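Subject: A structure for you to explore

Hi there,

Here is the structure I promised to pass on to you.

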Amino acid sequence: MVNEIGRPAGPVTASSAGELLRAPLFHTPRNPFQEDHALEGFADGGLLIREGRIAACGEYGTLRDAHPDARSVDLRGGFLLPGFVDTHIHFPQLRVLGSLGRSLLDWLEHCALPEEARLADQACACGVARRFVHALASHGTTTALVFGAHFSPATAALFEAAQTAGLRIWSGLVLSDRMLRPELHQTPERAYRESNALIERFHRTGRLAYAVTPRFALSTSEAMLEVCQTLLGEHEGLLLQTHLNESTREIAEVARAFPWASDYLAVYERFGLCRSNAIFAHDVHPAESELQRLATARAAVAHCPSSNAALGSGLFPLRRHLRAGVRCALGTDVGAGTGFGMLKEALQAYLLQRIAPDGMLLDAAHLLYLATLAGAEALGVSDETGDFRIGKSTDLVYLRPLPGSPLAAALERQETPEGILGAIFTLAGAAEICEVRVAGSVVYRTESGEEA
Ligand SMILES: [Zn+2]
C-alpha cells in the first residue's frame with residue numbers, strides 16, 4: 001500500500017479536470033501566534049480537487065474561469081474548513097465519557113481503568129473501535145493521535161477500524177507494568193514483542209502509523225521506559241505519546257517514584273523520550289525549566305482544556321508555553337474530556353484562557369489553527385494536511401447550519417471571516433457536519449448530505 005500519512009505534498013498532475021467545490025471557506029496556512037493575517041477566507045470560495053489533492057484554493061469565479069473543465073459542485077449555504085486534527089484521545093474510554101465529579105487518579109481508578117480492562121474481550125474491543133472511529137469522522141476529525149488499548153488485539157482492532165474508515169490515525173499499544181490493575185500490566189519483554197508485531201503490521205500502512213505509548217511515568221518502570229527508547233531507535237517515523245504534568249497529586253507521586261529525577265520531564269528525558277517526535281498531553285503545571293527543555297527538544301504539547309476543567313486539573317499556561325517556544329496543539333482527551341468535537345474543544349480553550357491567570361485572548365484564527373494546522377505540525381504531517389495549501393491532501397469538513405438553528409440566526413448577522421468563525425466555533429457541533437473527506441474521498445456524510 002502507498003504510505004500517505006507522512007508523504008510530502010507532491011506536484012499535482014493534471015490528468016483529470018477535477019472537482020471544484022463552491023462554498024465560503026476558511027483555513028490558516030500560517031501560525032497566527034507568530035504571524036499576522038494567518039487566517040485566509042473566501043466568502044465565495046472555490047476548492048479545486050484533483051486526484052485527492054488540492055489543486056487550487058481561492059475565489060470561486062477566478063477558479064471557474066481558470067479551470068472551465070472542472071466539475072462544479074455548489075455547496076453554498078454551508079462552509080468548508082480543513083479536517084480537524086485531534087492530538088490526544090483514548091480509544092478505550094469512549095464509554096466512560098461523562099463520568100464527572102472526580103480528579104485524575106481517582107477517575108483513573110474508578111472510571112477509566114475498569115473500562116479499559118473490559119477491552120480484553122475482543123468482541124467488545126471491536127465494537128468500541130468501530131464506534132470510536134465513526135465518532136471521530138462524524139465530528140470532522142480526519143487525523144488523530146490515539147491512545148490504543150493495553151491489549152494488542154484490541155489495539156489492532158482500532159487500526160483495522162481506522163483503515164476501513166479511511167482516517168489518518170497514529171496509535172499504539174499502551175505500555176504499563178505497575179500501579180494500574182494487574183490485568184493492564186505487561187512485562188517489558190512482552191511490551192517489546194507485541195509493540196514490534198503491531199509496528200510490523202500497521203506502521204505506515206495506508207494512512208496508519210505507529211506511536212510508542214507509555215501510559216505515564218507513574219505506571220511505567222525504568223525497564224519499560226527503556227523499551228520505549230529501544231522501539232524509537234529501531235524504527236523510522238514513529239511518534240512518542242504520553243502524559244506530563246497533568247495534576248499536582250500525580251506530579252508529587254512521580255517525584256516519589258523517581259527520586260533521582262529533578263522534575264517530571266526528567267523521567268522521560270533519562271530515556272531519550274523528550275524529542276521532536278514526542279507529543280506530551282496536558283502539561284498543566286510545568287516548571288520553567290521543563291518548558292525550556294521541551295522547546296529545545298522541539299517536543300509538542302497536546303492541550304486538552306475540557307479534560308483539564310472536568311478533572312479539575314488546572315488552567316493551562318498557554319502564554320508560558322508559547323513564550324518559551326513550545327509547540328502546542330489541541331486534544332479532546334476522550335474520555336476525561338467532554339466529547340469528540342474539536343470545535344467545542346477550541347471554544348473551551350478560548351473560554352479557559354479568558355479566565356486563566358495570564359490567559360491569552362484567542363481569536364478565530366487561533367481557534368482554527370489550534371484545531372487544524374497546529375495538530376498537523378505537532379504530528380509532523382503539516383506538509384500533508386492541516387490547511388488548504390496547493391498540493392496538500394484534500395482533508396476537509398463541510399458544515400451547514402441547521403435551518404432555524406441559533407447558528408443559522410447568528411450567521412445572518414456575521415459578515416467577516418472572524419465573525420463567521422466565531423459563530424461556528426461557539427454554536428456548531430456534529431449535527432452541522434454534513435460531509436468529511438480524507439484525500440478527497442468521503443469518510444463521513446450525513447443522510448441528508450448533498451452529493452459532492
Ligand atoms: Zn489522556
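Below is what turned up in it, one region at a time.

Please keep in mind that this is a predicted model.

**The zinc site**

Which residues hold the zinc ion? The ion is coordinated by H88, H90 and H243, each through its NE2 atom, and by D333 through OD, at 2.0 to 2.6 Å. Along the chain, these donor residues follow the spacing H-x1-H-x152-H-x89-D. H90 belongs to strand 8 (residues 84–90), while D333 sits in the loop between strand 16 (327–330) and helix 12 (342–355), so this pair ties together parts that are 243 residues apart in sequence.

Why is the arrangement around the zinc ion called irregular? The four donor atoms subtend angles of 86 to 172 degrees, and a tetrahedral site would need all angles to lie between 85 and 135 degrees.

Are H90 and D333 buried or exposed? H90 has a relative accessibility of 2%, so it counts as buried, because the cut-off for buried is under 20%. D333 is buried too, with a relative accessible area of 3%.

While you are in that part of the model, look at G335, which lies in the loop between strand 16 and helix 12. A cis peptide bond joins V334 and G335, with omega at about 10 degrees.

**The cores**

The largest nonpolar core has 137 residues, and F91, F132, Y268, F280 and L294 have the most contacts inside it. Helix 3 (residues 122–138) gives the largest share of this core, with nine residues. A second, separate core has 15 residues, including C57, L75, Y398 and C434.

Setting aside neighbours within four places in sequence, L294 is in contact with L244, L265, C274, F280, D283, A299, V301 and V326.

**Two residues with positive phi**

One of those partners, D283, has a phi near 50 degrees, a positive value in a residue other than glycine. D283 is found in the loop between strand 14 (278–282) and helix 9 (288–297). At 0% relative accessibility, D283 counts as buried.

M179 is not a glycine either, yet it has a positive phi of about 75 degrees. You will find M179 in the loop between strand 11 (174–175) and helix 5 (188–202). With a relative accessible area of 43%, M179 is partly exposed.

In what order do the strands of the open sheet run? The four strands are arranged 5-4-1-6, with mixed pairing. Strand 5 (53–59) and strand 6 (71–74) are the edge strands, each pairing on one side only. From one strand to the next, the twist averages 20 degrees. Strand 1 (residues 19–22) and strand 4 (residues 45–50) run antiparallel and are joined by four bridges. To see how they line up, find E19, which stands opposite I49 in strand 4.

**R95 and its contacts**

Last stop: R95, in the loop between strand 8 and helix 2 (104–118). R95 counts as partly exposed, at 41% relative accessibility. Not counting residues up to four places away in sequence, R95 touches E115, R118, C124, V128 and R131. The C-alpha atoms of R95 and C111 are separated by 9.6 Å, and these two residues are 16 residues apart along the chain.

Enjoy exploring!

Best wishes

Key. Residues numbered from 1 in each chain as written. Predicted model: local features only at pLDDT ≥ 70, side-chain atom pairs only at ≥ 80, totals over all residues. Heavy atoms only, no water. Pairing = 2+ DSSP bridges. Axes fitted to C-alpha atoms, helices over the stretch in contact; angles between N-to-C directions. Core = buried A, V, L, I, M, F, W, Y, C linked by side-chain atoms within 4.5 Å. Buried < 20%, exposed > 50% of the residue type's maximum accessible area, 1.4 Å probe, protein only. Contact = heavy atoms within 4.5 Å. Donors = N, O, S within 2.8 Å, 3.2 Å for Na, K, Ca; no water. Tetrahedral: all angles 85-135°; square planar, octahedral: opposite > 155°, others 65-115°.
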